[in-house]
Each structure stands twice: as C-alpha cells, then as structure tokens.
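Reader: Hello! I have just opened this structure, and I would enjoy a friendly walk through it.

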Amino acid sequence: MKNQYVGDINDFRKYGLLRVLSSDGAIRTGVCWMLTPDDMRNDGQFISYLDASHAWRGYDPVLFDRLVMCVRNPEERNVQCIEETGILPNARFHSEVLRDNLNDRRRYFAEMQTRFADRDLVFFDPDNGLEIQSCSMGRKNSNKYLYWSELIDTYAAGHSVLVYQHFIREQRERFINRVALGISQRTGTSEVLAFRTPHVVFFLAVQPTHRGHFNRQATQLAQAWRGQIQITECCAESK
C-alpha cells in the first residue's frame, strides 16, 4: 500500500469489501497496511469515479462520501485519513512503513502480531501480493510482497486472513484456483474465498469458527456490490 493509492477505484472496492466482511465492526479487524513510500508513477490516479456519484455512490454512500473528503484534500490523502474517518469500524491499524531490511521486517511483523492478538480478521495490503520466486525476503522490493511464512503464522495464531493480490499474466480463473489451493494447503484451512474485482483479487483464508459469518457476508456482498466484486468459494469441505 502507498498513500498515493488512497481513494482510487481499487481502494473504494477494497474498503467496501472490508466493511461488509466486518459486518459494521462485529468482526474485529486488524489492517496491516504494509505501507511503502510513494513513487512517481501514476498509480492511484484512477479517481474519476468520484465525479460520477450517480453511478458509484449507491454501492456504499458513507464510504463514498468519506473517500471524497480524503481525496479532495491532497494533504489528507493518506492512510491516516482512512484510520481517522471511521471508514472501517472496530478496526486496529499497523501503520509503520515497511522496509526491505530483513531484521526490520521481522520486527515489523512481530509487533503486528502483538498489536492484533485479539483481532478476528487480519488484512494484509501489500503493493503486489504474495511472494514471487525472484524476490526473496530482505531483497530490494521485497516490501511489496507478503511471504508465505507470514501468512501461515498469522493464520496459525487464530486469525482469518485476507490478502490483496494483483493479477499476473496467467489466465485469471486458473490463477485464482492455483493461489487458493496454495493457501489451503499451507494453512490447513478447508475454505478459501476469492473476491475478484476488475483489476485485483482478494483471498480470504477462513478460520472454522468464522465460516458461517463470512459465508453470510459473502452473500450480502454479492448483492450489494453486484458487477464490482465476484465471489468464488474454493477448497470447501465436501458436503
């Protein structure tokens, strides 16, 4: 996550997803921004939807209005605005900038585990998504990725885990099924939900105690965000 992304169209869908999954704070959420420094790219400029309230505001009017407030003031276009406006009820945040240095990274995630010890759901928001073979932990740009060991440790601590993931150059259905299966095999969860949007996908590794809740909220999400977020249930136990 970079501050320059706050309030863009992907961000709108992301917070909409989190708001439905948390059921207005009934599920205690920990948001690990995995914040990285802004760069000079144009990423995050996809904010024209905010000028088309007739088409977009209906998905979540409260969220839409608060994102308008954050984006219209350049000084407030950052994750702190998201934290302070109450967009995500009953959420706790890990907002430190994540560096590439391996020791700093280990300290960062140790502090996150302590901060989120009582959270039901932990959301990881890396720039790119899950690790790739060509970028080992501690190397340059490794702060753009969540590593399997970090996902596994978080799930093992009793949290359901949601991860932001860019699509890669692979047929999308195949990619979703492959990653979901990898999450299931590594964490031991019997159910992974994939929330697909036009540009990115979110994977949810579900704890058994949260299964009923997230299945109910997924049904609600499919109705409230029809045409914007598509839900796929992967790795469910056979009936």
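This is a predicted model: local features need pLDDT of at least 70, side-chain atom pairs count only at pLDDT 80 or more; totals for chains, interfaces and linings use all residues.

Reader: How many cavities of 30 Å³ or more does a search of the whole structure find?

Author: Rolling a probe the size of a water molecule over the atoms shows where empty space is left. With the cut-off set at 30 Å³ or more, the search of the whole structure gives a count of 1.

Reader: Which helix gives the largest share of the lining of the largest cavity?

Author: The lining is made up of L18, R19, S22, T29, I87, L88, P89 and A91. By kind, these residues divide into 5 nonpolar, 2 polar and 1 charged. The largest share, 3 residues, comes from helix α1 (residues 9-22).

Reader: What about the second largest pocket: which element gives the most to its lining?

Author: About 290 Å³ of space lies in this pocket. Its lining has 15 residues, and L130, E131, F175, R178 and V179 lie nearest the centre. Both β6 and α7 (172-187) supply at least two lining residues each. With 5 residues, the element that gives the most is α7.

Reader: How do the residues of that lining divide into nonpolar, polar and charged?

Author: The lining counts 15 residues. They divide into 8 nonpolar, 4 polar and 3 charged.

Reader: Turning to the strands, which ones stand at the edges of the sheet?

Author: The open sheet has 7 strands with mixed pairing, in the order β2-β1-β3-β6-β8-β7-β9. A strand at the edge has a single partner strand, so one of its sides is left without a neighbour in the sheet. The strands in that position are β2 (91-94) and β9 (230-234).

Reader: Which residue in β8 does L162 stand opposite?

Author: Strand β6 (residues 160-166) pairs with strand β8 (residues 200-205) in the antiparallel sense, over 6 bridges. Helix α6 (residues 148-156) lies across β3 (121-124), β6 and β8, at about 155 degrees to β6. In the β6 and β8 pair, the residue opposite L162 is L204.

Reader: One last thing: which residue meets E96 in a salt bridge?

Author: Side chains of opposite charge can pair when their charged atoms come close. The structure holds 16 salt bridges, and one of them has an N to O distance of 3.0 Å. This pair links distant parts of the chain, 11 residues apart, with E96 in the loop between β2 and α5 (102-115) and its partner in helix α5. That partner is R107.

Technical notes:
Residues are numbered from 1 along each chain as its sequence is written. Side-chain values use heavy atoms; hydrogens and water are left out. Two strands pair if DSSP finds at least two bridges between them. Helices (H or I, at least four residues) and strands (E, at least two) are DSSP runs, numbered from the N terminus. Contact means heavy atoms within 4.5 Å. Axes are lines fitted to C-alpha atoms, for helices over the stretch in contact, and angles run from 0 to 180 degrees between N-to-C directions. On a 1 Å grid over the protein atoms alone, a cavity is a set of points where a 1.4 Å probe fits but cannot get out, and a pocket is an open set with protein on both sides within 12 Å along at least five of seven lines; lining residues have an atom within 4 Å of a point. Grid points are joined across faces, edges and corners, and a volume is the space filled by probe spheres set on the points. Ala, Val, Leu, Ile, Met, Phe, Trp, Tyr, Cys and Pro count as nonpolar, Asp, Glu, Lys and Arg as charged, and the others, Gly among them, as polar. A salt bridge is a side-chain nitrogen of Lys or Arg within 4 Å of a carboxyl oxygen of Asp or Glu.
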